[in-house]
Amino acid sequence: MLTWLDYAWMPEEKLAAQPIEAVNLASARGLPGAESIDFGYCLSRIDYMAECVRAYTERALPQFRRKRWDFDNSEPYFRVLCLVTALQRDLGVKYNPAKIPEDVPFDSADSFIHGILQGPGGTCATMPVLYAAVGRRLGYPLKLASAYGGKADHLFARWDEPGREPFNIEATAQGLRCPPDDHYRTGRYVTPPEVESAGCFLQSLRPNQELALFLVQRAHTWQDHSRLVEAVDCWCWAAALAPANFIYLNTAKLKMNEWRRQLNPRKPPGFPEIFVTTRQRRYPGTLPIELEVDAIGTEIVEHLLSEPRFNDSWWEPMRRGERPAQAPVSMEVHSTLYHCDYSFRLIPTC
């Protein structure tokens with residue numbers, strides 16, 4: 001099975017041909033709490049769901065043809081109604097009741113679709129992905145879109161077919177609703193126009209943007225486990241994959257600063273300066289090079305502070321006000337993808 005990094009480096013036209021469920025599950029792999037994912041079962045379960053929806057829709061289509069006016073004279077709407085009905089009523093797809101309260105924490109099963117397929121139910125982060133996955137198996141032009149939600153953005157699906165008016169698909173509660181876009185500009189979703197634009201809200205997501213969204217969910221899981229190394233990496237990738245989303249870029253910078261603030265108290269006086277050069281980009285060129293350099297430099301700082309031999313030889317004596325022999329005053333780092341070569345400049349103590 002491909003990893004999320006394999007998908008991230010794909011050209012967008014190749015990524016567009018990949019099943020959304022495979023990309024979503026790959027984005028969950030390796031996260032805390034995701035050890036129990038049965039990838040084979042999840043993918044075969046979606047195959048089975050798609051065949052059930054296909055059979056149910058074929059049986060129900062004569063009803064649409066007899067009474068088109070009961071369904072807004074829209075066969076796409078009727079097909080989505082059949083999809084939601086079959087999944088909810090016949091196949092047990094539902095919102096996980098334990099996750100309804102807004103203050104309940106999410107884990108990886110609440111952010112990725114294995115929670116629906118193997119667990120007690122889904123959330124607004126996962127059910128639209130499942131609807132899109134099953135619908136795309138049937139040839140439906142289903143996209144994902146999101147609305148600004150304050151503490152947590154809201155995800156939904158959308159039928160977006162060239163030459164036809166798109167419509168939104170809300171099916172996290174029982175049944176189907178199709179609210180207009182303006183519904184997501186009021187109440188709990190009220191959004192200043194500049195925020196809507198900066199976050200690409202209410203836009204049908206392209207394949208790279210879908211993967212970026214999944215990596216943001218991955219980043220949140222790492223943050224919940226106080227793993228800022230991995231979280232910042234995910235935010236940088238999200239910003240690179242969806243460069244029009246300035247919220248992703250700004251959040252990557254904010255998380256970088258948070259990471260630095262955590263590391264600074266661990267640095268002894270006289271900690272060496274670090275200079276980074278990139279021989280091969282770790283991220284696509286859509287990510288500002290200065291952010292990539294900052295990420296690599298901060299990662300190196302964490303590595304140096306966590307390395308026992310450096311701590312014993314240098315950092316602990318320096319914290320005591322001593323100047324060790326051969327103390328480092330600077331460090332040069334040469335980065336190639338996820339590998340770094342480095343060298344110290346040492347000054348002997350007289």
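Here are some notes on the structure above, point by point.

1. First, the ground rules. This is a predicted model, where local features need pLDDT of at least 70 and side-chain atom pairs count only at pLDDT 80 or more, while totals for chains, interfaces and linings use all residues. Residues are numbered from 1 along each chain as its sequence is written, and side-chain values use heavy atoms, with hydrogens and water left out.

2. Overall build. The protein chain has 14 helices and six strands; these are DSSP runs (helices H or I, at least four residues; strands E, at least two), numbered from the N terminus. Its C-alpha atoms fill a box of roughly 95 × 40 × 40 Å along the principal axes. Take the contacts (heavy atoms within 4.5 Å) between residues at least 6 apart in sequence: 61% of them join residues at least 24 apart.

3. Of the chain's 350 residues, 49% count as buried. Buried means under 20% relative accessible area, exposed over 50% and partly exposed in between, with a 1.4 Å probe and protein chains only.

4. The cores. A nonpolar core here is a set of buried Ala, Val, Leu, Ile, Met, Phe, Trp, Tyr and Cys residues joined through side-chain atoms within 4.5 Å. The largest one holds 102 residues, and Leu 87, Val 134, Leu 144 and Tyr 248 touch the most other members. Helix α11 (residues 228-241) gives this core its largest share, eleven residues. There is also a second, separate core of seven residues, with Tyr 184 and Phe 201 among them. As background, nonpolar side chains tend to be buried together in soluble globular proteins.

5. Two backbone spots to look at. Asp 72 has a positive phi, near 55°, though it is a residue other than glycine. It sits in the loop between α4 (39-66) and α5 (75-90) and is exposed, with a relative accessible area of 61%. Ser 226, not a glycine, has a positive phi of about 55°. Ser 226 lies in the loop between α10 (207-224) and α11, and is exposed at 62%.
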